Amino acid sequence: MPLLALSIGTAAVAAKVVLSAPRLPLDAAEVAITWVSVTSFVVVGVALLLTRLPAANGWACLTVAWATVPGDLNTPHWAEVGQLSALGYAFELGYLPATVALVLRYPRDRLSAPQRRLVWALVVACIALRVPAMLTAGALADGFYRPDGWPSLGLPWWHDWVLHRGVVALRVVLLAATAAVLLRRAVTATGLARQSITPLAVIVAVCGAGAAVDQAVWLHLPVDLGAVHGATIRNVSAGLIPLALVADLLRRRVAAAAVVDRMLRTAASADLGATQQLMRQVVGDPSLALSWPGDRTPSPTDRQHQVEIRREDGRPLVTMTYDQRAVSDESVLLSAVSALRLGLENSRLTSDLLVKMTELDESRTRIVEAGMAERRRVERDLHDGAQQQLLAVAATLAKVDLVGDGDVRGVVREARGRLGDALTDLRRLARGIHPAALTQGGLPAALPALRATSSLPLDLDVDARLQQQRLAPALEGAIYFFVAEALANATKHAAATSATVTVGLDGDRVAVTVRDDGRGGASVVPGGGLAGLRDRVEALRGRLTLVSGGRGTTVTASFPVAFAEPTGEPA
């Protein structure tokens, strides 16, 4: 886009130089001024297309540059060449509506309905009504260098009073109306809008006055306006319009840098009052208000505009209400709003990070405490179970010294039975620590074994792909004990009569779901069994979700997939 605009602008400058070169020996100063003016509009137009402002402003500058070119054809030189002077006369004043459209639009992307009507009225007065003027002739000179043999109707009254003086007077009125509209905008605007429009309005008002004086000369009024160089005033002031636009762009850049720095520091503090005060200073609107989502805010008035600033994920972050007269277009607020969003997002992320760190510390503490509790359980089971059985075996064998030879066989038989009970307790305890089936065959082998230890009828569905490729040992263990504990909770607390276990691969995650038909009402409470279950799931970067209503409970754990490393041993 900028390259295309640069090509179009360069062509406009080249056309301007070539077509106006014949006038250079006669009026070098004024021709040079027009060259500088056209070049300025081209440079500023390309620059505007590189900014965040609407592209219509940059193309409008290039349109103004091209609109000055046809007028250079309305000279004696080009009248002798052919019919080109007629084309030049018809579009000679095309720069007036083009310039008015630019300054009325800036910095927005479109004109309002009244402004469009004003621009089209200028198009009619400056271009359309020139065509019948070319085809008529009268006593008054109209500035048209007619080619040889150009047809003209003998309608002197229409030519002199309607198509010449009447149209010139209409153009003067329209230019005065344009200046009035711009000055009114500058007076009624506030804040950033006034800073943007005031210099441009003053320059365009001077330019419009010069153009009006230049047009009034052609009315041949009694006052000698010929000594007033209206065209020079017009050309010089028109050349200042691009400078006003450049000054506004520089002011925007400097202001944006300062605003971003201050806004980031202020918004990052999450102090909405201080942030609101800074935004009021930036915009120049003392009525500007910021509010958090959910806060009660008064409805905006007819002159106010309300913008909901959202986070990156689309959720509401803050609502801003401001006076539309303070900012004529939302692009003026873009830097401030971007900094506001970034600062508040940084504050929110920092707060969330602190909360996550606190939760992580608490989770680590709970995991350590759960590990200690599990060790105490193992120690208690060893003490109360296998250890007592082994002591009973020892006591039974001690009876050998107290009985006769005939009773030794009965004592040994009793000791053997107690030793078998001790081995059963040790196997049960070993399965609780880490089942051998899980080590040897993975989840497809270990999970069906839970049917034998669970009092609930169990419907099991394990993804067939897990038989072909095993998961990492830590992940297999986490899934196994997640299922075992969820089933234990369903048996102890939910009064369930059946359960369903599903293990499936879904892209880069493995999902484990345990459903029961119990009474529901389960929830994650600090220190509870589900809280410990969640901690162990999140320790492997997993997510736990719980749905528990009046018709059972569904608890799901989703983990990132991690497959076991190949061992190199034959299957």
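**Close-up views of a predicted model**

**View 1. R470 and E476 pair in a salt bridge.** The closest N and O atoms of R470 and E476 lie 2.7 Å apart. This is a predicted model. R470 counts as partly exposed because its relative accessibility is 29%. E476 is at 4%, so E476 counts as buried.

**View 2. Helix α19 covers residues 473-493.** At 1.5 Å a residue, its 21 residues should span 30 Å. Buried residues of α19 include E476, G477, Y480, V483 and L487. Just after α19, A495 takes a positive phi of about 55°.

**View 3. R130 and E92 form a salt bridge.** Their closest N and O atoms are 2.9 Å apart. The pair links distant parts of the chain, 38 residues apart. R130 sits in helix α8 (residues 130-134), and E92 in the loop between α5 (84-90) and α6 (95-105). R130 has 8% relative accessibility and therefore counts as buried. E92, at 24%, counts as partly exposed.

**View 4. R110 and D109 meet through their side chains.** This salt bridge has an N to O distance of 3.8 Å. R110 counts as exposed at 59% relative accessibility. D109 counts as partly exposed at 43%.

**View 5. K16, R23 and D72 are linked in a network of salt bridges.** A search of the whole structure finds six salt bridges.

**View 6. L153, L155, W157, W158 and W161 make a nonpolar surface patch.** The patch area is about 610 Å². W158 belongs to helix α9 (residues 156-188). At 48% relative accessibility, W158 counts as partly exposed.

Technical notes
Residues are numbered from 1 along each chain as its sequence is written. This is a predicted model: local features need pLDDT of at least 70, side-chain atom pairs count only at pLDDT 80 or more; totals for chains, interfaces and linings use all residues. Side-chain values use heavy atoms; hydrogens and water are left out. Helices (H or I, at least four residues) and strands (E, at least two) are DSSP runs, numbered from the N terminus. The expected span of a helix is 1.5 Å times one less than its number of residues. Buried means under 20% relative accessible area, exposed over 50%, partly exposed in between (1.4 Å probe, protein chains only). Patches are made of residues with over 30% relative accessible area and no salt bridge: like charges are joined within 9 Å, nonpolar side chains (Val, Leu, Ile, Met, Phe, Trp, Tyr) within 5 Å. Accessible areas come from the Shrake-Rupley method with a 1.4 Å probe; for residues, only the protein chains shown count as cover. A salt bridge is a side-chain nitrogen of Lys or Arg within 4 Å of a carboxyl oxygen of Asp or Glu.
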